[in-house]
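Here is a short briefing on one protein model. Look at the sequence and the 3D view, then work through the points below.

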Amino acid sequence: MAARRISSLLSASLPFLSHRGKQSYLGRGIYNYSKSASIENTIKPPVTVQYDKLLINGQFVEAASGKTFPTLDPRSGEVIAHVSEGNLEDVNRAVASARKAFDEGPWPKMTAYERSKIMFRFADLIEKHNDEIAALETWDNGKPFEQSAKIEVPMLARLFRYYGGWADKIHGLTIRGDGPHHVQTLHEPIGVAGQIIPWNFPLLMFAWKVGPALACGNTVVLKTAEQTPLSALFVSKLLHEAGLPDGVLNVVSGFGPTAGAALCSHMDVDKLAFTGSTETGKRVLELAAKSNLKTVTLELGGKSPFIVCEDADVDKAVELAHFALFFNQGQCCCAGSRTFVHEKVYDEFVEKAKERALKRAVGDPFKAGMEQGPQIDGEQFKKILKYIKSGVESGATLEAGGDRFGTKGYYIQPTVFSNVKDDMLIAKDEIFGPVQTVLKFKELGEVIRRANNSPFGLAAGVFTQNLDTANTLTRALRAGTVWINCFDTFDAAIPFGGYKMSGIGREKGEYSLKNYLQVKAVVTALKNPAWL
């Protein structure tokens with residue numbers, strides 16, 4: 001599958017949707033959600049936890065302290081497993097292993113073709129274990145199993161095939177100098193890469209970071225999010241089964257202030273890559289600067305505008321805007337979380353957006369047809385409800401949702417606000433949850449100014465039938481990605497990253513390789529050259 005589109009996700013689930021059943025009275029009206037999406041009795045996952053220790057130098061080992069931490073099932077808050085908790089000493093061990101593998105091991109000295117074959121074998125193993133990996137991801141994260149199994153695990157394999165294909169195509173240039181010299185550039189692996197991945201897309205972020213690092217010949221120390229450590233440990237084992245030498249990939253589970261800070265500050269780490277919040281990204285950059293000035297790439301927060309123009313097919317615009325916000329329980333850095341709708345179609349859009357939210361199938365993510373599972377944990381759950389309360393108190397109109405869903409786990413009703421103003425917290429802050437804010441605009445210049453009036457610049461969406469309007473917005477919006485009449489299209493070759501406080505650098509595609517390479521100029525004097 002040469003191209004995967006997240007925006008095709010769960011199209012087959014639409015026949016399961018229903019808006020008859022449970023009623024929730026939230027002060028402004030009656031909000032109906034499907035009885036079929038019962039969450040009181042959780043489905044037993046079709047998988048067991050095999051790996052819960054740190055992966056250092058090719059072996060699963062206990063943390064030096066012997067400490068563990070629980071990883072929880074967001075459907076119930078119950079413990080799935082106790083995972084080894086890495087700290088400074090464990091990071092030191094992992095970095096030493098990665099350094100030895102880079103300086104003395106076979107990986108950077110192996111031919112690029114041999115490295116690519118290992119990555120291709122890994123992709124084959126991913127496909128062989130597709131459902132097992134997907135079940136582990138859903139159990140630990142809460143996203144629908146259909147999303148994990150049909151989209152994210154296949155994308156993991158696709159990304160490693162993509163980067164495996166790049167391994168033997170990385171090369172420098174021959175440059176003409178002004179005098180009798182032979183000038184060339186070498187593109188060399190940067191060394192030991194420290195990588196910190198988030199909890200919302202553990203497998204995809206594993207691929208976005210580990211894939212290009214390995215293709216370029218680097219070694220890696222990966223810190224997983226404490227909320228979702230399980231899937232990375234499983235697939236890392238498969239990568240070693242594919243032939244990855246010991247020490248090339250090390251995985252440390254743990255917390256940001258301990259394991260994460262130790263990795264960012266380590267003097268023997270040559271490069272950092274981080275995906276997460278903007279505030280944490282600032283701390284990562286600070287620690288990198290205070291240690292050895294290691295290079296840093298950051299993929300951070302967003303508050304992406306989704307602009308529905310006056311010529312839009314409203315039904316299609318509603319469906320796409322719904323997907324742009326509610327995908328992955330709204331826990332997506334590039335979510336279209338500011339829905340700007342032209343005043344001529346605003347009322348119709350709001351009514352249909354409300355209807356679509358009420359039809360959204362919320363429930364146990366292992367149940368077929370579910371579009372939305374629980375939020376990641378209790379902290380995120382409370383944060384989202386706090387923002388919903390803020391929206392009501394600031395005068396926005398609560399059209400749908402606004403409360404928890406059920407009585408068990410971290411489920412939240414799909415929520416829609418209308419009459420939202422730019423200065424409201426729900427229109428400014430990254431909520432990272434299933435909360436759609438619908439704002440009204442009148443003119444193109446106005447919506448450009450308002451869309452750009454944000455510290456973030458990760459992505460934007462535009463829905464229009466007018467090519468001139470699309471071109472105007474494409475060039476005017478200060479965002480790293482602009483989707484026209486689509487959203488969340490994440491092919492392996494498309495670069496992704498942000499403007500402003502949404503990050504530094506780009507991931508995916510050819511651009512991501514530059515993050516893991518050093519450029520060296522080599523100048524050799526020529527004696528009596530036949531030509532220059």
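Does Leu214 count as buried or exposed? Leu214 counts as buried because its relative accessibility is 0%; buried means under 20% relative accessible area, exposed over 50%, and partly exposed in between, with a 1.4 Å probe and protein chains only. This is a predicted model, where local features need pLDDT of at least 70, side-chain atom pairs count only at pLDDT 80 or more, and totals for chains, interfaces and linings use all residues. Residues are numbered from 1 along each chain as its sequence is written, and side-chain values use heavy atoms, leaving out hydrogens and water.

**Around Leu214**

- Leu214 sits in helix H5 (residues 202-215). Helices (H or I, at least four residues) and strands (E, at least two) are DSSP runs, numbered from the N terminus.
- Leaving aside residues up to four places away in sequence, Leu214 touches Trp107, Arg115, Met119, Val220, Leu239, Leu244 and Val248. Contact means heavy atoms within 4.5 Å.
- Leu214 and Ala112 are 102 residues apart along the chain, and their C-alpha atoms are separated by 10.0 Å.

- Strand S11 (residues 249-253) is largely enclosed by the rest of the structure, because 5 of its 5 residues are buried.
- Which residues cover the two faces of S11? Leu249, Val251 and Ser253 lie on one side, Asn250 and Val252 on the other, and all are buried.
- Strand S10 (residues 219-224) runs parallel to S11, and 5 bridges join them. Two strands pair if DSSP finds at least two bridges between them.
- Val221 has Asn250 in S11 as its bridge partner.
- S10, helix H6 (residues 230-241) and S11 make a right-handed β-α-β unit. Right-handed means that, with the strands pointing away from the viewer, the path from the first strand over the helix to the second runs clockwise.

**Helices H7 and H8**

- The axes of helix H7 (residues 256-265) and helix H8 (residues 278-290) come within 7 Å and cross at roughly 40°. Axes are lines fitted to C-alpha atoms, for helices over the stretch in contact, and angles run from 0 to 180 degrees between N-to-C directions.
- Ala261, Cys264 and Ser265 in H7 meet Val284, Leu287 and Ala288 in H8.

**The sheet of 3 strands**

- This open sheet has the order S7-S8-S24, with antiparallel pairing.
- Its edge strands are S7 (174-176) and S24 (517-525), each pairing on one side only.
- Strand S8 (residues 181-189) pairs with S24 in the antiparallel sense over 9 bridges. Val183 has Val523 in S24 as its bridge partner.

**The sheet of 7 strands**

- This open sheet has mixed pairing and the order S16-S17-S18-S15-S14-S20-S21.
- Its edge strands are S16 (397-400) and S21 (481-484), and each pairs on one side only.
- Strand S15 (residues 338-342) runs parallel to strand S18 (residues 435-441), joined by 4 bridges. Val341 has Lys440 in S18 as its bridge partner.
- Helix H10 (residues 346-359) packs on the sheet, and its direction makes about 175° with that of S18.
- Helix H11 (residues 378-393) packs on the sheet too, touching S16, S17 and S18. The direction of H11 makes about 25° with that of S17.
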